Amino acid sequence: MAQLTYFDIRGKAESIRLMLEDLQVDYVDSRIQSHAEWLAFRPLTPFGVLPILEHEGRIAEASAIRRYLARAFDLYGADERERTECDVAASAIEHAIWQAWEVYRAVEPMTAADTFASGTLPETLGYLERWLARGGRATDHWVGSRGSFVDHLAFAYLDELHAFFPRVLAGFSALDRFLAEFAERPRIAAYLASGRRPRAFGFTPRGLLIDPRC
Ligand SMILES: N[C@@H](CCC(=O)N[C@@H](CS)C(=O)NCC(=O)O)C(=O)O
């Protein structure tokens, strides 16, 4: 049995939860609930941060966990070219996630959100959409025809944008379509409807960032 340890937020763990759900891995979704619990647990972690995954050993770092699961369950491309494409897309999406999270941490988040929505975000989404649809390929998967861990990472990112910047996202039809189609995968749809997802995307200096659609 695997165990994912994180906080009661989606944050850096949600794409991992999506992978575990989609792969039907038997896992415990362990969520640290209090600061006191975290202070006690922190020295036991490899780098003083979460998430960590226990699965035939202990793995730290979100991107390493995603790639470990991708290698173990054949979600890392069919050949070397596709593996490189997975790394390229995952890196670009991780950067885009970091851009969005900077907005929530801003001193004036409303102003930062407006600036983001009219500038950085559409520019980033334009690049991502162009990459997803590269060479006129089908846009149901980011890499290859069978899908990869990049799909789970992209869904976690786009779903968060759908919650907070739906009108901006709606301007990017391939990304919007990918989001809708991924949500319809039977195991993903079951997870989304399960009520087991954390309600909050993350922590901000002003408290939890709750999904306004919940
Ligand atoms: N490089 C790590 C960073 C993980 C990270 O920053 N985790 C945050 C939550 S999103 C954390 O554990 N914060 C607790 C702390 O810093 O005390 C990864 O990507 O997994």
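Author: Start with residue classes. Ala, Val, Leu, Ile, Met, Phe, Trp, Tyr, Cys and Pro count as nonpolar, Asp, Glu, Lys and Arg as charged, and the others, Gly among them, as polar. By these classes, the shell around the ligand has seven nonpolar, three charged and no polar residues. This is a predicted model, where local features need pLDDT of at least 70, side-chain atom pairs count only at pLDDT 80 or more, and totals for chains, interfaces and linings use all residues. Residues are numbered from 1 along each chain as its sequence is written, and side-chain values use heavy atoms, with hydrogens and water left out.

Reader: Which residues are around the ligand?

Author: A residue is near a molecule if one of its heavy atoms lies within 4 Å of it. Here they are Tyr6, Phe7, Lys12, Trp38, Arg42, Val49, Leu50, Pro51, Glu61 and Ala62.

Reader: Which atom of glutamate 61 lies 2.6 Å from a nitrogen atom of the ligand?

Author: A polar contact is a pair of N or O atoms within 3.5 Å. For glutamate 61, a polar side-chain atom lies at that 2.6 Å distance. Leucine 50 uses a backbone N or O atom, 2.8 Å from a ligand nitrogen. Alanine 62 also has a backbone N or O atom 2.8 Å from the ligand, facing an oxygen atom.

Reader: How do I read an aromatic pair?

Author: Rings of Phe, Tyr and Trp (its six-membered ring) pair if their centres lie within 6.5 Å; planes under 30 degrees apart count as stacked, over 60 as edge-to-face and the rest as tilted. The structure holds 11 aromatic pairs. Phenylalanine 7 and phenylalanine 203 have ring centres 5.8 Å apart and planes at 70 degrees, so they are edge-to-face.

Reader: What about the backbone?

Author: Most residues other than glycine have a negative phi, and most peptide bonds are trans. The bond from leucine 50 to proline 51 is cis, with omega near 15 degrees. Glutamate 56 is not a glycine, yet has a positive phi of about 55 degrees.

Technical notes
Polar contact = N/O pair within 3.5 Å; in protein donor to acceptor, adjacent residues only side chain to side chain.
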